Amino acid sequence: MLRYAVKELVKRKKKYALNILVISLVVVLLITLTSLNTAYKDASKLPFESIHSSIIVQKNGNVAENTTGALVSCSLAPIKKDLISNIKSLDGVSEVSYGLSLWVFDEDTFKRVLGVNWDDSLGRKIKSKIYVGSLPQSDEKIIVEKTFAQENNIILNQKIIISGEAFIVAGLSETSGKDIVSSDIYANLKPVQEMAYNSKNLQDTETFDRSDINIIFVDAKQTKVADVSEELDSLLNKQDSFSGKTPTGQKIGSYSIYTPESFENQISSIFNISDKIVLLLTIVILIGTALILFKSMAHAITERKKEFGIMKAVGFTNKDLKKQLTLEILIQVIVGFLIGILISLMVLFALSGLTVSVNIPWELNPYPHFLASNPSSVNTIQTYPLPIQFNPQQVILPMLSILIISFLTIHILLKNIGKLKPMEVLKYE
Amino acid sequence: MNELITVKELSKTLGKVKAVNNISFSINNGELVAIQGHSGSGKSTLLSLLSGLEKQDEGEILFDNMKIGNMSEDDLALFRRKNVGIVFQSFNLIPTLNVVENIALPLFPTNINKKEMMAKAQKSAESVGLKDRLDHYPNELSGGEQQRVAIARALINDPKVLFADEPTGNLDSKTGKKILELLQSLNKEIGLTVVMVTHDDSIAKVCDRIIKLKDGGIQDE
Ligand SMILES: Nc1ncnc2c1ncn2[C@@H]1O[C@H](COP(=O)(O)OP(=O)(O)OP(=O)(O)O)[C@@H](O)[C@H]1O
Ligand SMILES: [Mg+2]
């Protein structure tokens with residue numbers, strides 16, 4: 001029977017070429033669609049990958065009345081350092097690092113200052129980006145971000161004043177570009193905390209203790225991220241005494257917990273649409289396929305009515321006919337699939353040259369709204385190579401749908417063949 | 001002689017026409033029987049009932065003591081595969097299969113292994129004198145050769161009876177005669193029962209018996 005099936009397909013290949021073409025086209029379209037869709041979704045996780053942190057914790061606070069001296073963004077309200085040990089004791093947490101991110105409105109320039117511990121995971125990350133000079137050994141030494149340094153003509157070993165304190169540039173880093181949390185200036189945590197503590201404007205807006213921080217990075221195992229973020233939420237947001245809202249809609253006093261997933265949800269508004277479009281396209285493609293395959297198979301079967309009559313006359317049962325037809329269609333599906341997957345791989349390879357732009361939410365990289373233009377060091381839009389890849393699972397949907405379409409078609413058409421009386425088709429020449 | 005087929009009060013209505021009307025007769029093992037009659041007298045209809053291609057409306061057909069009228073459609077298909085060979089006026093070969101494959105077609109749905117299948121098909125081809133055209137396709141054969149393929153296909157399962165509906169109708173008289181001689185020799189040499197519809201009186205004459213039909217009934221024997 002296999003031999004007959006193969007011969008039928010080979011001898012009448014023109015007729016079956018359309019089926020195979022349609023099948024491989026569907027495979028290519030569906031695989032490309034789903035690959036693109038997941039690639040764009042995966043792209044939203046890329047900024048997190050570059051910061052090597054699973055979860056970011058920030059607190060929502062008040063907006064300063066005026067913009068002088070050192071301030072904190074309303075999405076980066078002060079957090080008590082005691083929280084760190086609580087977070088560390090949560091199940092699944094592997095490392096916790098933290099910093100203090102300030103906006104400093106000096107007369108000459110606006111600066112973003114981040115105070116860090118150089119030996120925790122955040123500090124090590126920044127350390128690895130220093131390309132000139134050395135690590136700040138003392139509190140008055142700082143690292144300046146490359147773009148900021150260029151725009152303000154800052155050079156190594158130069159003395160600069162930040163919020164009235166003098167610092168010396170110990171090194172330059174190249175941190176902007178791909179990171180969620182980037183800053184113009186990186187300093188030891190301690191002097192930044194002092195700066196915040198001594199800022200009258202900041203203390204008028206929030207209450208700041210000498211040891212306060214305002215951003216926490218919680219590392220967790222990939223599989224534990226969801227659990228840990230839930231634990232964090234119940235640890236941090238269990239009190240419901242929030243009052244008022246920040247300009248971006250968060251409750252004042254509440255904690256924002258960003259995971260790659262939540263981040264994805266934030267930036268996926270563009271991609272949600274594409275999700276719907278993908279679904280719609282998939283349905284349209286499958287319906288189109290069903291129609292084309294049904295028509296073409298029905299046509300092939302009608303044309304072979306006489307052959308089926310002969311087969312029945314020589315003793316094929318309806319079940320035998322079904323087997324024969326199924327075999328023929330199965331071969332078409334397999335060949336169509338192989339061709340489709342091959343073409344898909346080539347298409348995906350071609351698409352891997354694309355880039356994707358990810359718009360990073362303001363809360364994760366805050367910059368004063370009222371400053372007319374963001375300096376280039378504040379990249380709210382990041383560009384990455386599109387992380388497109390072939391996932392064997394993507395074959396399952398087209399495979400299942402085509403098989404279902406095919407077998408449904410056979411089932412429907414067989415009803416007609418079943419009724420076929422050999423005498424009626426064989427009587428006349 | 002032992003009866004192979006017994007027909008009792010058989011009737012079949014097609015549309016509004018009583019194509020076969022209350023017929024009774026029997027056919028013995030090893031007989032060569034001709035069915036004759038005017039066009040539209042019900043010859044093809046009768047043959048399709050005897051061979052299990054159609055079911056009767058009334059009456060009964062006993063084939064080797066099996067009541068084939070009561071069988072399900074699938075059982076009838078298996079019955080045809082095992083017991084009867086059928087040859088039509090048009091040769092009804094599958095164009096995408098070559099000669100051996102066409103001959104082996106009735107074996108495709110069985111579990112027989114490929115080697116045995118080909119051996120059987122070759123033997124059957126030999127018995128109709130088609131030894132050296134095995135890998136040709138139907139469109140490369142003459143009409144007579146195509147009808148030989150059809151006969152070889154009908155013989156592959158060693159049937160108890162061969163039904164032939166105007167097997168020479170599409171052939172010139174010389175080729176037709178050869179086909180007839182072939183059927184005759186199969187009847188004589190291997191004792192195959194042959195039931196054949198024919199218009200040709202000279203053909204009918206060489207048969208053991210003639211069943212004459214008129215308006216669905218038997219005229220005389
Ligand atoms: N499908 C059908 N529907 C209605 N009537 C039919 C059908 N098939 C055959 N008939 C009628 O049944 C009668 C017998 O037909 P059948 O084909 O058996 O005749 P036949 O003796 O074989 O004729 P011929 O010598 O022309 O082949 C005819 O009157 C024919 O018109
Ligand atoms: Mg007829």
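**Ligand 1 site and selected residues in the predicted model**

A backbone N or O atom of Gly42(B) is placed 3.0 Å from an oxygen atom of ligand 1 in this structure, which is a predicted model. The neighbouring position in the chain contributes a further contact of this kind, with a polar backbone atom of Ser41(B) at 3.3 Å from an oxygen atom of the ligand. A side chain also takes part: a polar side-chain atom of Ser44(B) lies 2.7 Å from an oxygen atom of ligand 1. Considered on its own, ligand 1 exposes 630 Å², and 67% of that area is buried by the protein.

The space that ligand 1 takes up is the largest pocket. Two elements give two or more residues each to the shell around the ligand, namely β2 (17-28) and α1 (43-50) of chain B. Of these, α1(B) gives the most, with 3 residues. The shell around ligand 1 comprises 15 residues, and those that come nearest are Ser39(B), Gly40(B), Lys43(B), Ser44(B) and Thr45(B). By residue class, the shell divides into 9 polar, 3 charged and 3 nonpolar residues. Although the residues named here belong to chain B, the ligand is surrounded by residues from chains A and B, and the site is therefore shared between chains.

Most residues other than glycine have a negative phi. Ser163(A) has a positive phi of about 50° although it is not a glycine. Glu9(B) belongs to a strand, β1 (residues 3-14) of chain B. With a relative accessibility of 52%, Glu9(B) counts as exposed, because the class begins over 50%.

Two buried residues complete the description. Asn187(B) forms part of helix α6 (residues 173-189) of chain B. Its relative accessibility is 5%, and Asn187(B) therefore counts as buried. A polar atom of the Asn187(B) side chain is found 3.1 Å from the backbone oxygen of Gly30(B). Asn187(B) and Leu32(B) are separated by 155 residues in sequence, while their C-alpha atoms are 6.7 Å apart in space.

In chain A, Pro78(A) occupies the loop between β2 (69-71) and α4 (82-88). Pro78(A) has a relative accessibility of 8% and so counts as buried. Pro78(A) and Thr147(A) are 69 residues apart in sequence, and the distance between them in space is 28 Å, C-alpha to C-alpha.

Note on methods: Residues numbered from 1 in each chain as written. Chains lettered and ligands numbered in written order. Predicted model: local features only at pLDDT ≥ 70, side-chain atom pairs only at ≥ 80, totals over all residues. Heavy atoms only, no water. Near = heavy atom within 4 Å. Polar contact = N/O pair within 3.5 Å; in protein donor to acceptor, adjacent residues only side chain to side chain. Areas by Shrake-Rupley, 256 points an atom, 1.4 Å probe, with all protein chains shown as cover. 1 Å grid on protein atoms, 1.4 Å probe; cavity = no way out; pocket = protein on both sides within 12 Å on 5 of 7 lines; lining within 4 Å. Sits in = over half its atoms within 2 Å of the grid points. Helix = DSSP H or I, 4+ residues; strand = E, 2+ residues; numbered from the N terminus. Nonpolar A, V, L, I, M, F, W, Y, C, P; charged D, E, K, R; others polar. Buried < 20%, exposed > 50% of the residue type's maximum accessible area, 1.4 Å probe, protein only.
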